[in-house]
Amino acid sequence: MKNLFNEADPWREEAWAMMRTRSDLNFFMITKRVERIAACLPADWGSAYDHVTIGCTVESQAQAEKRLPLYNLLPLRCKTLICEPLLSPIDLAPYLTGEVEMVVVGGESGEEARSCHFDWVMEIRAACIACDVSFVFKQTGANFVKGGKHYRIPRKLQQSQARKAAIDYRADSEL
């Protein structure tokens, strides 16, 4: 069986070289494999490239407790947490350090999508506001629960329904 963890290894140095050359652009990478980040950073990374954000996905409390302590120790200047698909309530407050700039939340899409509860979204939002971390509600997901009611939301409406909630928060540090 092919080792999917190492698929990017052959072209990783070329990608880092492009990022070094194009420091006028912002680069954004997302991973759930935070244990590989340190080993995959370029030799000249130092305390980070200012224009590169490496985001960490966390879909449940168990994954937050597993990934975020390690993620918060990494030498990254720009950190974003992606709670998508949000599969359970998550207490992010202990992990919203001064380095985490943004939290993005969204439900799961597709025919077999698991439910996303609006209460979970709002709990994460409250933690972000308390820690002055920007918050974005990206999409509801296909199976959305709000006010005790279950909604089946078509893919084409999931982002617009999230925007209609009007709950995004912009941290004071971004003003």
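**Charges, contacts and backbone in a predicted model**

Trainee: Starting with Glu-108, does the residue count as buried or exposed?

Mentor: Glu-108 counts as buried, because its relative accessibility is 17%. The terms here are buried for under 20% relative accessible area, exposed for over 50%, and partly exposed in between, with a 1.4 Å probe and protein chains only.

Trainee: What kind of model is this?

Mentor: This is a predicted model, in which local features need pLDDT of at least 70 and side-chain atom pairs count only at pLDDT 80 or more, while totals for chains, interfaces and linings use all residues. Residues are numbered from 1 along each chain as its sequence is written, and side-chain values use heavy atoms, with hydrogens and water left out.

Trainee: Back to Glu-108, then: which side chain meets that of Glu-108 in a salt bridge?

Mentor: The partner is Arg-114, with 2.8 Å from N to O; a salt bridge here is a side-chain nitrogen of Lys or Arg within 4 Å of a carboxyl oxygen of Asp or Glu. Arg-114 counts as partly exposed because its relative accessibility is 46%.

Trainee: How many salt bridges does a search of the whole structure find?

Mentor: The search finds eight. Among them is the one between Arg-77 and Asp-50, whose closest N and O atoms are 2.2 Å apart. Arg-77 sits in the loop between helix H3 (61–73) and strand S3 (78–83), and Asp-50 in the loop between helix H2 (37–40) and strand S2 (52–57), so this pair ties together parts that are 27 residues apart in sequence. Helices (H or I, at least four residues) and strands (E, at least two) are DSSP runs, numbered from the N terminus.

Trainee: And is Asp-50 buried or exposed?

Mentor: Asp-50 counts as exposed because its relative accessibility is 53%, whereas Arg-77 is partly exposed, with a relative accessible area of 37%.

Trainee: Which residue forms a salt bridge with Lys-79?

Mentor: Lys-79 forms a salt bridge with Glu-99, and the closest N and O atoms are 2.6 Å apart. This pair links distant parts of the chain, with Lys-79 in strand S3 and Glu-99 in the loop between S3 and strand S4 (100–106), 20 residues apart. Lys-79 counts as buried because its relative accessibility is 0%, while Glu-99, at 35%, counts as partly exposed.

Trainee: Changing topic, what does the side chain of Gln-139 reach at 2.9 Å?

Mentor: It reaches the backbone oxygen of Gly-107, and the side chain of Gln-139 also makes a polar contact of 2.6 Å with the side chain of Arg-155. A polar contact is a pair of N or O atoms within 3.5 Å; within protein, one must be able to donate a hydrogen and the other to accept it, and residues adjacent in sequence count only if both atoms are side-chain atoms. Gln-139 is found in strand S6 (residues 134–139), and it counts as buried because its relative accessibility is 3%.

Trainee: Which side chain does a polar contact of 3.2 Å join to that of Asn-143?

Mentor: That contact joins the side chains of Asn-143 and His-150. Asn-143 lies in strand S7 (residues 143–146) and is buried, with a relative accessible area of 9%.

Trainee: Last topic, the backbone: what kind of peptide bond joins Glu-84 and Pro-85?

Mentor: The bond is cis, with omega about 0°, and Pro-85 is found in the loop between S3 and S4.

Trainee: What is the phi of Asp-132?

Mentor: Asp-132 has a positive phi of about 50° although it is not a glycine. Its place is in the loop between H4 and S6, and Asp-132 is partly exposed, with a relative accessible area of 27%. Ala-166, also not a glycine, has a positive phi of about 55°; Ala-166 is in the segment after helix H5 (155–165) and is exposed, with a relative accessible area of 63%.
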